[in-house]
Every structure is written in structure tokens, then in C-alpha cells.
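Here is a short note on the packing of this model. Please read the points with the structure open.

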Amino acid sequence: MDAFVTFLIRAFGRIGVIDPHRVFDTLSASLNVDHLRYAYAQRGILNYRSLEESGELHLVSSVLPRILPDSPTCFDVGANKGQYSELLLTHLPNARLTLFEPNPLLSDGLARRFGETARIVQAAVGSHVGDTALHTHTDIASSSKGTLHQQVLTSIYHEQQIEKTTVNITTLDDYCDQNCINRINFLKLDIEGHEKFAIDGSSRLIRESRIDSIQFEFNEMNVVSRVFLKDFFDLLPRWNFFRMKPQGISPLRYHRREELFQYQNIFAIRPGIDAASIR
């Protein structure tokens, strides 16, 4: 239906019969089309209902195999219940996986789910090493929402009963040093507004070109953590950025108009990897 509306607008606009904007408004109202939502979706924004719609299936099945080695080192930071890591293993069966999950009950579940096929690290990832507070719903056993920023739960998810648990936090620089990991081929970050701080804690790895590619979320949680899209461009100079879509990825260059605090997945690759080969 959305494609049909777009076709009519373009057709009428070309022949100059009527104002295409009026056509757009009239058809949108009569067909109950949310044209803002449609415009967002075409740019890879607010596509969150499945791994396919979010572009993650396309990235893992079609893009990563073209740029990663046969046995890539992959970090899943904010692994939750392991859905993304299962996707990685399906399409990159030789991947060496490390999963970071600070929620002790979820990390125990990951250990049971993956056994010897992945390393499970019960820790948050950020810009310092030590302890920090993980905020979840009071029923931590059933809560899949965990964040280092309490307002994410209260302001965005409207949770009223919050549990605070002290957990370990590490940096990727420190973790890789301690575990003799020379390179991360793919880093996935889904940590409820804390993604920028995890990249802060990877500055040496990034400076030494030891991280090849990063996927991170950018959304309304960054309002809580006070992080702009520009912060990621500043942290990853000369990297190539893309927005992920269901059937592809689109180059993303920074402009103030791109500061859209709505759900989106961003994929970035370091200088030296041929960006044209993955579009």
C-alpha cells in the first residue's frame, strides 16, 4: 500500500495535474497511512519488530561473511538471552564468540544455552573497570531489560519497581589485554544507551585498528545517556557508517538532521575495509 501511494504521488507530480503534497496528505488520511513512520522505515528507523525487519538478519547472513575471516572473533555485548549470538553461529559457524551479560541470571542461562561454543562473561562493558549498578525490574529473574541508566526504565519503559544490583564492569581494552585477544572482527553493542561508553573503553583497540566492525543501536535511550550520533562519528574518525535496513545497508554521513532519537541499527567499518564491496 505504501509503495502504491508513493507511485501515485510521483505520477501526479510528473504530469503536474495536482499538488503531489495534497495527494500525499489525502491518500494518507483515507488509507490510514502514517507517512512519517513510512519515511522512517525507508531509512532504517523504527524497524524493530524482528531480526529481519531490523536489518540484523541481512547484516549477519549477507554482509559479514563478505568482510570477516573464516573464523572471526565476535563479541556480543549485551547478549541478553543469546538470540543474536545464535544468529551469528547460524551464519558464521566457525565464529569464536564472547558474550557479555551483567545480569547474573541471564548470564547463567547463556552458559547453559551455549555450553562450550561460546565464552560467557558476567560483566557490563563501559569506559572504566570496577563495579557499577545494573537496573532491572524488581523481578530480575524474568526481566530482559537491564541498563546502567535508571531513567531508561522509568522514563522510557515506565517501570515503577526497580531493582539495583551491583555488577562488574570492564573495558574492552582491558578485557582483550587480560585475555590475549589481538583483534575483534565484529563487535555488537546493545546496552541500552551505554554504547558510546563501551566504545570509549575501546579507544586503544580502535587507535591500533584492532576492531574491524561495530554494530550499535542509537535510539531514545541516548537522550537519557546524553549521547549524540555525532559522538560516535567523533570516536570513530574516518570509519564508514551505514544504517541497517531489512534488505540492505545505506551509507550514513553525519549531518545535524540525522540526530533522530528513534530506534535504528548502525553498522560501522574501520578504514582499510572496502566499503563499496558490502553495499
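1. Among contacts between residues at least 6 apart in sequence, what share joins residues at least 24 apart? The share in the protein chain is 69%, with contact taken as heavy atoms within 4.5 Å.

2. The model is predicted: local features need pLDDT of at least 70, side-chain atom pairs count only at pLDDT 80 or more, and totals for chains, interfaces and linings use all residues. Numbering runs from 1 along each chain as its sequence is written, and side-chain values use heavy atoms, leaving out hydrogens and water.

3. The protein chain has 12 helices and 12 strands (DSSP runs: H or I, at least four residues; E, at least two; numbered from the N terminus). Of its 279 residues, 51% are buried (under 20% relative accessible area, 1.4 Å probe, protein chains only).

4. The largest nonpolar core holds 33 residues. A core here is a set of buried Ala, Val, Leu, Ile, Met, Phe, Trp, Tyr and Cys residues joined through side-chain atoms within 4.5 Å. F75, L187 and F241 have the most contacts inside this core. Elements giving it two or more residues include β1 (73-77), β8 (186-189), β9 (213-218) and α12 (229-235).

5. A second, separate core has 28 residues, among them L59, L64, L88 and F186.

6. Beyond its neighbours within four places in sequence, F75 contacts residues including F100, L172, Y175, F186 and L187.

7. Helix α5 (residues 83-91) buries Y84, S85, L87, L88 and L89. Their cover includes α4 (56-67), β1, β2 (96-100), α6 (104-114), β8 and β9.

Note on methods: Buried < 20%, exposed > 50% of the residue type's maximum accessible area, 1.4 Å probe, protein only.
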